[in-house]
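Visitor: I have a model open and want to go through some of its packing. Can we start with the strands?

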Amino acid sequence: MTCYLGAPMHPISDDPFHGTRGSHTPTILIVGEAYGAMEEQQGKPFMGSSGQLLEQMLQAAGLSTHDILYTNVINKRPKDNHFEEFLIDNPTAKETGAQLFRGVYARPELIEGYHKLHTLIALTQPKIIIALGNWAFWALTNHFGRKSETGTRNRRVRFWTPTGIDTHRGSMHYYAEGTPFAIPLLPTYHPAGIMRNWPWRNIAVRDLRRVSAFLSGAPW
C-alpha cells in the first residue's frame with residue numbers, strides 16, 4: 001500500500017462546494033470525472049442515468065448515501081461529453097510548447113478543477129475517498145499510466161489520457177495532501193463506463209463493499 005500525494009494547495013476564491021452535492025461533513029467523498037447533460041442543467045454531479053446507477057450500486061454494497069459528498073475532477077460539461085475538450089491535442093501542444101501536467105496536456109480549466117478538488121479534500125477530510133474512472137484515479141494518485149487516444153471517428157487528433165483503473169480498481173490506496181492523516185482511497189469503474197460494459201457492475205459493487213467493510217471497522 002502506497003501513500004499518494006496530490007497537488008500543492010492553491011488559494012481558490014470560489015466556494016469549494018460550488019458544483020458539488022451532498023454532505024459538507026462527509027464520511028465518503030465520491031469523485032467522478034465531469035458533468036453530463038443532466039448535471040449541467042442542475043449544476044450538481046451524478047444527477048443523470050449514471051448517477052442513478054451509482055446510487056443503486058452504493059445501496060447494493062451496503063453504503064448509506066446520507067453522509068456522502070459527490071464531486072468531479074472538473075464540475076463542468078465538456079462539449080459533446082468528450083473529456084478531451086479539457087485537453088490540448090498533441091500536435092498543438094508540440095507547436096505551442098505546452099508543458100505536460102501530470103502526464104497530459106491539460107487546459108487551464110482542468111488544472112483549476114484539479115486544484116479545487118484537492119482544496120475540497122483538505123477542507124472536508126472524509127474518512128474514505130472513492131475514485132470513479134481513470135480521470136479521478138489520475139487526479140488523486142501518482143500511480144496512473146497514460147496512453148494516446150484517437151477519440152471518435154470524427155476526432156482523429158491524438159491526446160494523452162490517463163490509464164490505471166483496470167489494473168488498480170478494488171485495491172487499497174491512500175491519499176495524503178493537506179490533511180493531518182492519510183485518507184483511504186478506493187478506485188473503481190465509473191458508472192458511465194459500466195453502462196457500456198454491464199459485467200463491470202458486479203465487479204464495482206464488490207469493490208464498494210470494501211468501503212462498507214472499512215467503515216464497519218475492518219482494517220484497510
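Guide: Strand 3 (residues 28–32) and strand 4 run parallel and are joined by five bridges. This is a predicted model, in which local features need pLDDT of at least 70, side-chain atom pairs count only at pLDDT 80 or more, and totals for chains, interfaces and linings use all residues. Residues are numbered from 1 along each chain as its sequence is written, and side-chain values use heavy atoms, with hydrogens and water left out.

Visitor: Which residue stands opposite isoleucine 28 in strand 4?

Guide: Isoleucine 68. Strands pair if DSSP finds at least two bridges between them; strands are DSSP E runs of at least two residues, helices H or I runs of at least four, numbered from the N terminus.

Visitor: And how does strand 2 run relative to strand 4?

Guide: Antiparallel, with two bridges joining strand 2 (residues 21–22) to strand 4. Glycine 22 is opposite leucine 69 there.

Visitor: Switching to helices. At what angle do helix 2 and helix 8 pack?

Guide: About 55°, between helix 2 (residues 49–60) and helix 8 (residues 200–215), with axes 8 Å apart. Axes are lines fitted to C-alpha atoms over the stretch in contact, and angles run from 0 to 180 degrees between N-to-C directions.

Visitor: Which residues make the contact?

Guide: Leu53, Gln56, Met57, Leu58 and Ala60 of helix 2, with Arg201, Ala204, Val205, Leu208 and Arg209 of helix 8; contact means heavy atoms within 4.5 Å.
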